[in-house]
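Me: Please go through the helix packing and the pockets of the model below.

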Amino acid sequence: AKEQGDGLYHFYDSLIENQREENMRLENELKAALLEGQFKLYYQPKIDASSGEVIGAEALIRWLHPEYGMVSPAKFIPLAENSGVILDIDEWVLQEACRQNKIWQLEGMPRFPVAVNISARHFYQSNLIPTITRILHETGLEPQYLLLEITEGTLIRNVEYGVRMMEDLKQMGIHISMDDFGTGYSSLSQLDRLPISEMKLDRSFIQGITEDSRKSSIVRAVIELGHHMDLRVVAEGIESPDELKYLTDLECDQFQGYLFSKPLPELEFSRFVLRWDGSSMP
Ligand code: C2E
Ligand code: CA
Ligand code: CA
Ligand code: CA
């Protein structure tokens, strides 16, 4: 029995060792990717329900790997979050998104905020505010044109600190969106304390909304709750005209999804905005 126990122990030990090696290898690859410019930002339009105009863009990172091709952030962001490299990635995304939004403004595009996803780890970094301040200064982008998307789950770690951080960001003129609202840890009991501007309904609630009465009840309740609190409610992952019609009837404020456009590289995004006309609503 002792031998077996030892064997198991060694087995787990080497598993953990391999995991550690694997994580270190990935961390180094991610660092190299940053240095070698293998990351690229794509932008997905956010559409205003009442005017039908493009009123924002969410920046979504892509990794153009020299061997594997395009790697989805759903694959590498969770891994990057296990190591400090997520801080460098988030900072690069902030810098790049602010720089690009300023370029669009200088080119005479209609002005709108660019939304950047901030990982929990970065949110609790004491240098988040100085970093954002520096980036806004360097790029010349006014703070109201930056929106931070933060998931509900981010607040579990330390609600008091989280609320203070959000208040400081709001003081700077930066708006905050509660991303993936309704999934994972619920911040419902804290909602009245959060200085946020919008709630974003996760795609999982939108998918099949027209057939699933439980989903549609949840979405209806979230939209009502949001409006009672003077927040706008954004739906992501809209793929069909039926879903759009349904959400329009529920008075959802903003839409995002493949029905309008997939996330696009910056040039294609600006072409989309110029071509798009509120009356071309699907
Ligand atoms: P998220 O913040 O919930 O982003 C929405 C995801 O849904 C994106 O996936 C987007 O491409 C996808 N999507 C949008 N509309 C549709 C649709 O109509 N149908 C379908 N099937 N999908 C749609 P993506 O770009 O693969 O990103 C996945 C997640 O990775 C994001 O989820 C976010 O949590 C994270 N992420 C992406 N970019 C960044 C980043 O720059 N920084 C950080 N920290 N996280 C990021
Ligand atoms: Ca998001
Ligand atoms: Ca998310
Ligand atoms: Ca989501």
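The questions and answers below concern a predicted model.

Me: Are helices α5 and α6 roughly parallel or roughly antiparallel?
Reply: Helix α5 covers residues 128-139 and helix α6 covers residues 159-171. They pack at an angle of about 20°, with their axes 11 Å apart. Angles under 35 degrees count as roughly parallel. The angle therefore makes α5, relative to α6, roughly parallel.

Me: How many charged residues does the contact of α5 with α6 have?
Reply: From α5, Leu128, Ile129 and Ile132 meet Met165, Asp168 and Leu169 of α6. By class, this contact has five nonpolar residues and no polar ones, and the number of charged residues is one.

Me: How do the residues lining the largest pocket divide into nonpolar, polar and charged, and how many line it in total?
Reply: The largest pocket holds about 1000 Å³ of space. Glu58, Leu60, Pro73, Asn117 and Asp179 are the lining residues nearest its centre. Elements that each supply at least two lining residues include β2 (54-65), α3 (85-106) and β6 (175-181). The lining divides into 18 nonpolar, 12 polar and 12 charged, and the total is 42 residues.

Me: Which element gives the largest share of the lining of the second largest pocket?
Reply: About 220 Å³ of space lies in this pocket. Its lining has 15 residues, with Leu26, Trp63, Val71, Phe76 and Leu79 nearest the centre. At least two lining residues come from each of α1 (2-35), β2, β3 and α2. The largest share is six residues, and the element that gives it is α1.

Note on methods: Residues numbered from 1 in each chain as written. Chains lettered and ligands numbered in written order. Predicted model: local features only at pLDDT ≥ 70, side-chain atom pairs only at ≥ 80, totals over all residues. Heavy atoms only, no water. Axes fitted to C-alpha atoms, helices over the stretch in contact; angles between N-to-C directions. Helix = DSSP H or I, 4+ residues; strand = E, 2+ residues; numbered from the N terminus. Parallel < 35°, antiparallel > 145°, perpendicular 65-115°, else oblique. Contact = heavy atoms within 4.5 Å. Nonpolar A, V, L, I, M, F, W, Y, C, P; charged D, E, K, R; others polar. 1 Å grid on protein atoms, 1.4 Å probe; cavity = no way out; pocket = protein on both sides within 12 Å on 5 of 7 lines; lining within 4 Å. Points joined across faces, edges and corners; volume = space filled by probe spheres on them.
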